Amino acid sequence: MSALTVTQVRRRFLLLHGLRWLPAGLIIPVLILVMQERGLTLPQIGLVATAQGILVLALELPTGGLADALGRKPVLATAWVVNLLSLGLFVVADSVALFFAVWALQGIHRALDSGPLESWYVDATLAADPEAKYEPGLGHAGTVIGVAISAGALLSGGLIALGPVGPFSALTVPVVAATAMQVVALVVLLWLMVEVSPARGVSALRASVREAPRMIGQSFGLLRRSRVLLALVAVELFWGFGMVTFESLLPVRLAEVVGDADRAAALLGPATSAAWLVSAAGAALTPLLLRWPGAAPGAALLRILQGVTVVGMGLFAGPVGVLIAFLACYAVHGASNPLHTGLLHRQVDGPYRTSVLSLNSMMGQPAGALGGVALTALAAATSISTAMLVGAVVLAAAAPLYLPAWREARRKPVPEREVAELAPTG
């Protein structure tokens, strides 16, 4: 890692982040609609999505510990291979059992993918320059994610508008394109991610597997010793549950308002593209939010504001109002992520960084699975709007969990010079 400069590390990190999220951008507008097109009901969709949460819950910490012990590159490469398999199966899946397998593979992918790239970036940056500030890169990553998903969603809408291609329906074509893009991303990862590992081979793998439980135990030890870290990780319980509203229920809500699923899917392409652009703009505000109101109070206020935007998606009567609320939700989402991630990184040292990020994700994924089951069932029993309102309340309820981090920051204020260095350097 030390062979790279800080600038090289940042550029490679941002490029890999973009390639990681471009296939997701292609999938997001059609994910729920494809499953509905192939005969699944909303409760069935919520049920199959639980496979992801179950696998993440089971594997998140072991894979995080493995990444810290074995190395970030091999674990991340494995994650992207599993994602490729999941996308390939999604192209042809046509039953509850096959979609359950798709989501199970996604769970394995998410567990492996959670943390290694960010941890590599932070540790590689500090290896190149121990005094370097990594927070701007995390903020830039949020911007890159927004742009990548935006581009993918825009391309998805264009592919849908072209109509069916060969044996693939209009809604399936973006899934095929995402599969191809994942192949490209995997090749670039193997080429660009440079990591210095202490050992390799079968013996190194065995040693890393033995070391992983210790890493996990140390991570739980950090939670026991730090009320701040425990509260930050607990935020993901509320965030994961509430995110179902704008990730899964919004396409159905828009189809309900528009009155036609294909038309809603065509609208969702450019709408999701615009949403992730405003998400990127929100992430670009990280240096300003760090100055005022500060990371912890800013994150708390954004949790409440995001709940308000979801209320708008659930209550506005026309497609224009729903989409405006959707855009506002993603602007808040983009601003929130770097603040939350930065707060996490400040609570942990390098050797356990991926494990702690995995703990954070472990809370979010099963909570998302629970939200998928509960909110889709509630939507089927009552209405989409009612389910979205419940999700909005849960999102806003996470705000008080940032209070311990805020109190700690007030006891140990960041010097003005250090705050000024958080501004993006390009």
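The chain folds into 19 helices and 0 strands, where helices (H or I, at least four residues) and strands (E, at least two) are DSSP runs numbered from the N terminus. Of its 426 residues, 57% count as buried; buried means under 20% relative accessible area, exposed over 50%, and partly exposed in between, with a 1.4 Å probe and protein chains only. Among contacts (heavy atoms within 4.5 Å) between residues at least 6 apart in sequence, 86% join residues at least 24 apart.

Please keep in mind that this is a predicted model: local features need pLDDT of at least 70, side-chain atom pairs count only at pLDDT 80 or more, and totals for chains, interfaces and linings use all residues. Residues are numbered from 1 along each chain as its sequence is written, and side-chain values use heavy atoms, with hydrogens and water left out.

**Confidence**

pLDDT is the predictor's confidence in each residue, from 0 to 100. The chain has a mean of 83, and 85% of its residues reach 70 or more.

| Helix | Residues | Mean pLDDT |
|---|---|---|
| Helix 17, highest | 384-396 | 96 |
| Helix 19, lowest | 416-420 | 37 |

Over residues 414-426, pLDDT stays under 50, and the model has 21 contacts beyond four places in sequence for this stretch.

The peptide bond joining Trp292 and Pro293 is cis, with omega about 5 degrees.

Helix 14 packs on helix 15 (residues 319-345) at an angle of about 160 degrees, their axes 8 Å apart. Axes here are lines fitted to C-alpha atoms, for helices over the stretch in contact, and angles run from 0 to 180 degrees between N-to-C directions. The two helices are therefore roughly antiparallel, a label for angles over 145 degrees. Residues that meet across this pair include Leu302, Leu305 and Met313 from helix 14, and Phe326, Val332 and Leu339 from helix 15. By class, the contact has 16 nonpolar, 6 polar and 1 charged residues; Ala, Val, Leu, Ile, Met, Phe, Trp, Tyr, Cys and Pro count as nonpolar, Asp, Glu, Lys and Arg as charged, and the others, Gly among them, as polar.

**Arg12**

Arg12 belongs to helix 1 (residues 6-27). Its relative accessibility is 22%, so Arg12 counts as partly exposed. Beyond its neighbours within four places in sequence, Arg12 is in contact with Leu4, Trp120, Leu192 and Val194. Of these, Leu192 is 180 residues from Arg12 in sequence, yet their C-alpha atoms are 6.6 Å apart.

Definitions and conventions: Parallel < 35°, antiparallel > 145°, perpendicular 65-115°, else oblique.
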